[in-house]
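This report describes selected features of one protein chain. The sequence and the structure are shown first, and the discussion follows.

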Amino acid sequence: MTEANFEAEVLIRSSQVPVVVLLWSPRSDSSVQLGDTLAGLATADAGKWSLASVNVDTTPRVAQMFGIQGVPTVVALAAGQPIASFQGAQPADQLRRWVDSLLEATRGKLSGSPDSDEPEQVDPELAAARDHLDNGNFAEALTAYQAILAANPNNAEAKGAVRQITFLQRASAQRPDAVAVADAAPADIEAAFAAADVEILQQQVSAAFDRLIALIKRTSGDDRTAVRTRLIELFDLFDPADPDVVAGRRNLANALY
């Protein structure tokens, strides 16, 4: 899952069948093993429920929505609402019973039916691109999503993913002391850009926005335009309704006018 497809693939889909969301990291062996077991159960149940995988390393904002404390964490949703969850690895037989209890609890309460639902059609190119992104293969994912955009420039998921991947590639290459470097040189625009990237990676979103807005107040001409452009690019990484984005856009307007 990405921020771009989360609403359609999880929230909306959960009005049809239960959706089991696995929040995992490829750095965690137990996460990988749990994902394999759940995938096997989902395949065996043939559309009675959906499995959604969220790599917390590449999609931290979605993970933050669930308020997880560690990986792996599993949350089941029905009709857009969480109905059950657990943290940590579980043996296959317990997972089987857990899934069966979900199906029993939601039987007849959702619009989808295991007997009547058509098999979900998955675009193989999108599926391949998602797999690359989930596994942290940013270069391969970027190439795959760019190919999708070349064929369909209006594909919302691909556009959002390209923005996210481009940011992750740039931000992950920044020096770890970027914030301290920028704080020591408040007039250095490139240092401020690097620091803002690192702050967003560390989920200090408002701090990143405030840093660039403060710089806009101190600059003019081409420098101000460059900072404003970078700030808007960072806004676009998030949902427009995100409180940090709403506050950031308001503060940007105040700084400019």
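Which residue in β2 is the bridge partner of Trp24? In this predicted model, Trp24 pairs with Asn55 of β2. Strand β1 (residues 19-24) and strand β2 (residues 50-55) run parallel and are joined by 6 bridges.

**Helix packing**

The axes of helix α10 (residues 205-218) and helix α12 (residues 243-256) come within 10 Å and cross at roughly 10°. Because angles under 35 degrees count as roughly parallel, α10 is roughly parallel to α12. On the α10 side, the contact involves Val205, Ser206, Phe209, Asp210, Ile213, Ile216 and Lys217. These meet Asp244, Val245, Gly248, Asn251, Leu252, Ala255 and Leu256 in α12. By residue class, the contact of α10 with α12 comprises 8 nonpolar, 3 polar and 3 charged residues.

**Model confidence**

The protein chain has a mean pLDDT of 89, and 96% of its residues reach 70 or more. The elements with the lowest and the highest mean values are listed below.

| Element | Residues | Mean pLDDT |
|---|---|---|
| helix α3 | residues 60-66 | 82 (lowest) |
| helix α8 | residues 178-184 | 97 (highest) |

Over residues 113-119, the pLDDT is below 50. Beyond near neighbours in sequence, this stretch has 5 contacts in the model. Where pLDDT is low, the predicted coordinates should not be read in detail.

Methods:
Residues are numbered from 1 along each chain as its sequence is written. This is a predicted model: local features need pLDDT of at least 70, side-chain atom pairs count only at pLDDT 80 or more; totals for chains, interfaces and linings use all residues. Side-chain values use heavy atoms; hydrogens and water are left out. Two strands pair if DSSP finds at least two bridges between them. Helices (H or I, at least four residues) and strands (E, at least two) are DSSP runs, numbered from the N terminus. Axes are lines fitted to C-alpha atoms, for helices over the stretch in contact, and angles run from 0 to 180 degrees between N-to-C directions. Angles under 35 degrees count as roughly parallel, over 145 as roughly antiparallel, 65 to 115 as roughly perpendicular and the rest as oblique. Contact means heavy atoms within 4.5 Å. Ala, Val, Leu, Ile, Met, Phe, Trp, Tyr, Cys and Pro count as nonpolar, Asp, Glu, Lys and Arg as charged, and the others, Gly among them, as polar. pLDDT is the predictor's confidence in each residue, from 0 to 100.
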